[in-house]
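Dear colleague,

Please have it open beside you as you read.

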Amino acid sequence: MVTERAREFDTQDLLINVGPQHPSTHGVFRMVLEIDGELVKDVIPYIGYLHRGAEKLCETMDYRQGIGFMDRTEYLAAFNAELSYVMAVEALAGLEVPERAQWIRMILCELNRISSHFMFMGAFGVDTGVMGTPFIYGWREREGIIDLFEEISGDRMMYAYFRPGGLAWDVTTNFKARVREVLKSITQGIKDFDGLFTENEIFVARTKGVGYISAEDAIDYGMSGPSLRASGVPMDVRKDEPYLKYSEIDFKVITGEHGDVFDRYHCRLQELRESVKIIEQCLAKMPDTGPIMPEKMPRMLRTPPGEVYLRTEAPRGEYGVYLVSNGGNRPYRLKVRSACLSNLQALKQMSVGQYVADAILVLGSIDIVLSEVDR
Amino acid sequence: MNTDLFGLQVNVWADAALRLQLIVVFMTVVVMGLIWAERRILGRFQQRIGPQKTGPFGLLQSVADAVKLVGKEDLRPKNADPWTFELAPFLVFIPIFMGFVIVPFLVGWNIKVLELGLLYFVAISSVNIVGWVMAGWGSDNRYAMIGGLRAAAQSISYELPLVLSLLAVAMVAGTLNLDEIVRQQGSVPYIVWQPMAFAIFFIAALAELNRAPFDIPVGESEVVGGPFVEYSGIRWSMFMLAEYAGLLIMAVVGASVFLGGYAWPLGEELGLGWQVVLVGAKAGLIIFAVFWIRASLPRLRIDQLMGYSWKILLPLVLVQILVNGLVLVYGWSEAILGVVGLAGVVALVSITGRAANRPRQIPARAAALKGEAA
Amino acid sequence: MKGIAKSLLTTLSTFSRKPVTRDYPNVHKTLPERDRAFPLLLWDQEIDEPFCTGCHACERACPVECMTVLMKDNPNHKSVGGTSSRRKIIDKFWIDYARCMRCNICVEVCNFDAIAMNNTWTGHETSVHDRKDLVMDLQMLLSQSHAGAIKEWVPVIGQTNE
Amino acid sequence: MTTEETTQPVADFSGTIWAEVDRALSGVTVRPERGLLDVIAHIPRDEVVTALRRLKTDAALHFDYLRSLTAIDREADGIEVVYHLYSTDKKHNLTVKTTLPTTDLNVPTATTVWRAANWLERETAEMFGIQFTGHPDPRTLLMPEDMTDVHPLLKSHPLAEIEVLQGEGMGYPEEGA
């Protein structure tokens with residue numbers, strides 16, 4: 001009888017559908033939260049709303065045509081996405097990239113990392129509930145970087161500027177001065193974000209200890225980038241398997257220790273500073289003149305049969321391009337290893353047992369770009 | 001039956017109607033001004049321009065918005081509970097509206113001087129919780145329901161510190177008559193004697209108004225507008241009107257009770273024009289602070305919010321009341337009040353800081369749930 | 001509450017700075033020379049005809065197949081008493097701006113420097129009510145260059161600053 | 001890229017981790033191949049999960065990180081399932097491949113080894129029609145839930161026709177003139 005009576009007071013768990021149209025899902029991500037009061041009991045993520053079949057499309061394109069599609073798989077860090085792709089093609093074709101082109105690539109990729117991290121700061125700040133201010137801060141700095149990219153490549157987001165072998169054309173003559181100018185503004189932007197968030201008691205209370213994931217779990221889920229490093233795993237392709245000229249550059253791999261939302265934020269903030277340092281070193285070492293493409297480039301690039309899995313460190317983690325060639329002028333199979341997809345897998349692990357508001361923060365803290373998740 | 005309306009003898013009912021009309025017009029105009037001001041000020045804080053196209057400096061933006069909202073279709077979800085859904089905006093809006101009755105804008109410029117004015121104010125301002133819950137339940141939307149329940153929990157929790165902080169002043173003043181309280185601050189405003197009560201009043205008022213960092217019920221990034229997620233057009237605009245009218249009334253009451261309202265600290269009673277400036281400046285200061293906070297601070301989580309009210313604000317304000325009682329009963333010097341109040345503010349600041357920086361821990365519940373879900 | 005005060009001071013410092021936004025439709029940002037909007041055809045002002053000979057190179061290289069090209073015999077060719085040395089010339093040309101992804105490949109493959117990316121604001125402000133209105137025909141593609149309204153920056157692949 | 005890495009695959013495994021892998025995988029049929037960056041180990045499908053688990057647990061190799069999991073449609077030669085492994089502390093890589101005949105697209109799931117394989121296998125399954133036996137959550141990932149019979153990344157799957165909005169007969173008034 002007692003149990004019968006007790007059952008009358010049983011509560012039902014509520015399913016709420018977050019997304020694909022929701023201000024905090026950063027695109028067309030959908031998750032169904034099973035909540036008990038304000039506590040999240042289960043998270044069921046649904047992706048694929050932005051699946052455009054970039055991999056299949058690239059199989060029908062020659063190597064140059066594919067670059068445009070790579071831009072679109074990672075629109076917040078298109079240079080980094082292009083880099084993986086062109087480096088994979090170069091590895092297959094055995095192309096040697098001129099030194100100057102490598103330095104320029106590095107500067108642009110690091111700048112793109114900064115712009116992407118600023119975007120994260122803005123979007124994540126809005127997730128925590130500040131009305132618009134972080135967004136404008138982030139956007140302000142990103143705008144300066146994008147203006148620079150536009151002056152160099154001609155486009156603001158879909159650059160199509162890296163080519164197998166080097167760069168499409170040379171940077172502008174005032175490149176170094178412009179980069180230094182942008183760096184100055186970035187330093188101010190980092191200071192602003194640091195002041196707005198890092199010590200703010202409300203921010204700290206909201207983020208510390210939330211969305212915890214241990215290093216073992218994070219590795220097991222295949223997380224990468226700042227989301228993994230926040231758990232204390234110093235895994236960074238730039239350091240572990242240096243590409244471009246990273247071996248000649250002195251920089252730190254930023255790691256957190258707690259693996260919570262705050263550490264994921266703080267890692268990115270510190271990475272901004274590291275990137276600024278990297279760019280400054282690059283500017284000092286970059287030759288002012290020199291070729292940016294190999295001497296002899298075939299009109300239509302063909303690669304010998306073979307395969308390569310080429311990984312680079314994109315802002316959100318390891319962006320890998322698995323390129324299989326059967327000897328033609330187009331990929332036989334192209335697979336994009338998306339860092340966001342793997343990071344997103346751990347969402348359930350991180351948000352179960354948290355409050356609804358925390359689940360939103362956890363999602364924000366792994367900084368997903370849905371076009372990269374779905375490709 | 002005639003009554004006195006600003007020196008004119010008019011019929012009681014006509015008087016009531018006229019006064020009501022005055023409030024409605026006044027309130028609507030001021031609210032539109034506030035919305036414009038908030039957008040401009042937030043714009044400045046965020047290094048952008050803000051509304052600027054409609055009228056000079058975009059002053060007519062709110063008018064344009066109002067016209068648009070009135071012209072919009074009034075939608076109701078198919079499964080919504082018609083009565084609760086349709087009535088909820090009124091229940092949110094009317095109590096705020098009624099609160100204006102006792103607000104002492106200027107000398108002699110109020111609708112009614114009530115002896116228990118402060119009591120009336122705190123009583124009437126908590127009625128709108130019902131409207132919020134009705135909106136949340138009636139919308140047949142889970143976001144709305146979560147938002148509505150959050151609103152109820154939050155409003156009830158913060159009602160106590162709000163009332164008690166006002167009570168602290170009322171104790172010292174010895175009256176609940178707002179007009180009288182203002183007049184007593186001819187020389188020294190009560191914020192000097194009751195700084196902690198003011199701090200708590202300000203925090204609790206933010207929570208009562210669902211303003212950042214306590215905008216949990218309407219949290220855009222979580223529950224997408226909460227109780228008014230399903231509202232559109234004129235009903236939605238009533239919620240907005242209520243929100244900004246509430247801000248106005250809280251600012252004016254706060255300015256009157258703690259900052260001395262229209263009273264000039266140097267003793268003399270000023271002319272009407274200067275009174276407008278004085279009240280405007282004092283209330284404006286509070287409103288500006290509210291906007292400033294909205295541009296700077298993240299949102300709290302619901303459990304932290306509740307904990308903050310029950311574990312920190314409430315005990316502190318009770319201590320303040322205790323001290324007030326001791327001072328009054330034993331007739332100690334008023335300076336003690338000021339010192340204790342300042343000490344209280346320091347305590348509030350340090351306790352808040354410590355509460356936020358507690359060592360990180362994974363809640364046991366979370367661990368248990370993880371076991372379940374895995 | 002030190003951190004909260006720091007946040008408030010940070011926003012206060014931005015309060016005192018100049019706005020970073022532009023009053024967009026009234027104030028346009030100056031576009032860099034290399035800016036890439038949508039492709040346009042160029043007009044040979046000397047001979048007063050398009051540069052394009054309709055050789056289909058861009059059409060074949062386009063990754064998204066947004067172009068359709070038809071060529072014809074040039075009525076102005078020297079052999080028929082005209083002034084032009086182009087034997088063939090463009091007859092009809094369509095570019096679907098809704099499909100174009102602005103990758104610059106058509107410009108790179110063109111042997112006659114006849115196509116360029118629009119680097120003026122007209123190339124960016126192309127919103128229309130119907131998707132079909134974004135399919136540009138030969139006249140629309142040429143008009144801007146004919147009027148001399150675009151700055152020409154035709155990139156050469158691998159070109160250095162030297 | 002340095003020049004050594006970009007050279008063609010050769011049968012020389014000096015300077016790679018092949019010796020270690022060979023030791024750890026004793027008893028498993030494995031055919032090595034030298035890729036451009038990593039060593040590729042071909043393992044028959046029945047033994048692949050055993051081999052993967054051994055690679056993960058082996059103290060000297062410790063491949064605790066699954067970088068990527070995908071497949072290649074080799075048409076008549078079947079479908080290759082490719083695992084890219086990495087060790088976060090030893091910092092070395094390995095590619096594991098297993099070939100499935102087109103008539104029988106079954107392979108045991110790797111989710112028991114790394115949880116990371118979960119979504120990657122779901123994606124590979126829907127894109128190539130491979131069955132990962134024992135997969136804990138065999139729903140579609142990117143494709144609509146009811147599209148289980150379409151496998152877009154197979155070479156036999158056609159691209160959609162491009163909707164051409166241009167050309168002759170588009171109905172432009174000035175065009176006919």
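In what follows, a helix axis is a line fitted to C-alpha atoms over the stretch in contact, and angles run from 0 to 180 degrees between N-to-C directions. Please keep in mind throughout that this is a predicted model.

With that in hand, α5(A) and helix α12 of chain A, which spans residues 261–285, pack with their axes 9 Å apart and at an angle of about 155°. Because angles over 145 degrees count as roughly antiparallel, α5(A) is roughly antiparallel to α12(A). The crossing in which α5(A) passes α12(A) is left-handed. Residues of α5(A) including A:Trp103, A:Ile107 and A:Phe124 meet residues of α12(A), among them A:Tyr265, A:Leu272 and A:Lys285. Sorted by class, this contact of α5(A) with α12(A) has 13 nonpolar, two polar and five charged residues.

Turning to the chain A and chain B interface, 39 residues of chain A are in contact with 40 residues of chain B. Among the elements of chain A that each supply at least two residues to this side are β1 (14–18), α5 (99–128) and α15 (356–365), while α8(A) gives the most, with six residues. The chain A side divides into 18 nonpolar, eleven polar and ten charged residues.

Finally, the largest nonpolar core has 312 residues, of which A:Ala88, B:Val169, B:Ile200 and C:Ile115 touch the most other members. Its largest share, 16 residues, comes from helix α10 of chain B, residues 233–258. Leaving aside neighbours within four places in sequence, B:Ile200 is in contact with B:Pro161, B:Ser165, B:Leu313, B:Leu316 and B:Val317.

With best wishes

Methods: Residues numbered from 1 in each chain as written. Chains lettered and ligands numbered in written order. Predicted model: local features only at pLDDT ≥ 70, side-chain atom pairs only at ≥ 80, totals over all residues. Contact = placed C-beta atoms within 7 Å. Helix = DSSP H or I, 4+ residues; strand = E, 2+ residues; numbered from the N terminus. Nonpolar A, V, L, I, M, F, W, Y, C, P; charged D, E, K, R; others polar. Parallel < 35°, antiparallel > 145°, perpendicular 65-115°, else oblique. Left-handed = near helix turned anticlockwise from the far one by under 90°. Core = buried A, V, L, I, M, F, W, Y, C linked by C-beta atoms within 7 Å. Buried ≥ 20, exposed ≤ 12 C-beta atoms within 10 Å, placed from the backbone.
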